[in-house]
Amino acid sequence: MDFTLSEEQLMIQQAAKDFAQNELLPGVIERDETQTFPWELVQKMGELGFMGMMVNEKYGGSGLGTLSYVLAMEELSKIDASASVMVSVNNSLVCWGLETYGTEEQKEKYLTRLATGEIIGAFCLSEPEAGSDATSQKTTAIDKGDHYLLNGTKNWITNGNIAEVYLVIARTDREKGHRGINALIVEKGMEGFDIGPKENKLGIRGSDTHSLMFNDVKVPKENRIGEDGFGFKFAMKTLAGGRIGIAAQALGIAAGAYELALKYSKERKAFGTEIANHQAIAFKLADMHTKIQAARNLVYQSAWDKDNGNDYTLSGAMAKLYASEVAMETAIEAVQIHGGNGFVKDYHVERFMRDAKITQIYEGTSEIQKIVISRSILTD
């Protein structure tokens with residue numbers, strides 16, 4: 001086993017760390033409070049290659065592997081999970097899905113602009129009654145010959161308003177079950193496509209989350225991804241990779257909270273000495289450090305599996321499940337170590353605690369990950 005990162009990977013890690021410290025950290029508390037994320041920072045991430053990290057260079061991407069992407073996600077998430085989720089959706093769900101399953105025409109029209117950060121994308125699967133149960137799609141796409149007529153509502157869509165390109169999962173034939181679902185590319189501004197108000201969220205408040213409404217939206221047939229009925233498989237394949245990105249986000253949240261707690265424990269004094277010298281705090285830090293490293297190994301393993309052409313369904317689910325649990329636990333302990341200051345926004349750890357929770361929910365809840373893991377080990 002070789003755990004050494006290549007020189008290129010170390011450079012990417014450092015570039016992401018520098019960007020997070022110099023560009024994301026200033027104003028991160030204000031962005032959380034105002035629920036905003038400036039477009040100029042998205043563009044800067046695009047210029048640095050973070051918006052299309054795994055995309056082939058001929059389509060404007062960085063041409064890097066999943067592990068490099070995970071390294072960048074971890075560093076960005078240490079500072080601002082609202083920024084990293086935009087990177088995750090654009091890379092894992094939108095760009096990867098288009099490059100892997102899209103036509104050459106679709107790639108030239110959409111992928112090149114998405115990979116450079118000129119525009120940003122959104123992945124639209126969840127509905128009011130179809131979150132974890134992705135087969136219960138109520139959104140319909142009726143075949144009208146040269147186009148589909150799209151009707152329905154999508155909920156909790158990251159990049160919902162700032163996106164220009166939307167990958168929408170919709171049912172075309174109810175009688176065919178999961179084989180009667182398609183994935184369609186919808187453009188912002190298409191007639192009948194409306195965007196609801198921004199969601200007022202517990203965490204990742206800087207990310208742009210909206211409901212989307214489709215009322216007789218005409219989507220050209222050439223905007224369908226893959227063969228007729230491929231939509232459900234497309235969604236599941238795409239989400240399997242997306243879990244790795246969210247696992248890396250959870251890892252970054254945990255590591256960011258831990259680093260703040262470690263620093264604070266060396267500065268704050270109680271009973272005549274730094275609180276790090278008290279066993280109650282030292283043992284908390286030991287547990288946090290150990291679990292974060294275990295989560296990191298799982299996340300890196302899943303990225304390695306994907307890069308090497310192995311089946312990453314199991315390793316990705318395990319990474320996402322465990323890293324999200326560690327993120328939540330570590331963030332809570334970081335607040336505890338900070339004491340009363342942990343409850344104050346200026347110390348950041350309360351934001352990490354709020355941000356951590358969503359990693360146990362989106363792109364497959366922890367319960368769904370356990371279903372994926374149990375099915376995998378029981379069918380071996």
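Here are legends for a set of close-up views of this predicted model.

Residue numbers start at 1 along each chain as its sequence is written, and side-chain values use heavy atoms, with hydrogens and water left out. Because this is a prediction, local features need pLDDT of at least 70 and side-chain atom pairs count only at pLDDT 80 or more, while totals for chains, interfaces and linings use all residues.

**View 1. The whole chain, before zooming in.** The chain has 11 helices and 10 strands; helices (H or I, at least four residues) and strands (E, at least two) are DSSP runs numbered from the N terminus. Its C-alpha trace spans about 80 × 45 × 40 Å along the principal axes. A compact globule of 380 residues would have a radius of gyration near 21 Å, and the chain agrees, at 21 Å. That radius is taken over C-alpha atoms, and the globule rule is 2.2 Å times the number of residues to the power 0.38. Buried residues account for 55% of the 380; buried means under 20% relative accessible area, exposed over 50%, and partly exposed in between (1.4 Å probe, protein chains only). Of the contacts between residues at least 6 apart in sequence, 73% join residues at least 24 apart, where contact means heavy atoms within 4.5 Å.

View 2. Helix α8 runs over residues 279-307, and at 1.5 Å a residue its 29 residues should span 42 Å, which agrees with end C-alpha atoms 42 Å apart. The expected span is 1.5 Å times one less than the number of residues. Among its buried residues are Ile281, Leu285, Met288 and Ile292, and the list also includes Arg296, Asp305 and Lys306. An α-helix has 3.6 residues a turn, so residues three or four places apart point the same way. Cover for the buried residues of α8 includes α1 (7-24), α4 (66-77), α5 (81-101), α7 (231-267) and α9 (313-338). Just after α8, look for glycine 309, with a positive phi of about 75°.

**View 3. Threonine 359, tucked into a loop.** This residue is found between α10 (349-358) and α11 (366-378). Threonine 359 is buried, with a relative accessible area of 0%. Setting aside residues up to four places away in sequence, threonine 359 touches Ile246, Gln249, Ala250, Ile253, Lys320, Ser324 and Ala327.

View 4. Aspartate 216, in strand β7 (residues 209-220), has a phi of about 55°. Aspartate 216 is partly exposed, at 43% relative accessible area. Histidine 348 sits in the loop between α9 and α10 and has a phi of about 75°. Histidine 348 is buried, with a relative accessible area of 17%.

**View 5. Arginine 31, a buried residue in a helix.** Arginine 31 lies in α2 (residues 28-34) and has a relative accessible area of 8%, so it counts as buried. Leaving out neighbours within four places in sequence, arginine 31 is in contact with Glu23, Leu24, Pro26, Thr36, Phe37, Pro38, Leu41, Asp80 and Gly206.

View 6. Histidine 147 is in strand β3 (residues 147-158) and counts as buried at 17% relative accessibility. Histidine 147 and lysine 221 are 74 residues apart in sequence, yet their C-alpha atoms are 4.6 Å apart in space. Not counting residues up to four places away in sequence, histidine 147 touches Ile142, Lys218, Val219, Pro220 and Lys221.
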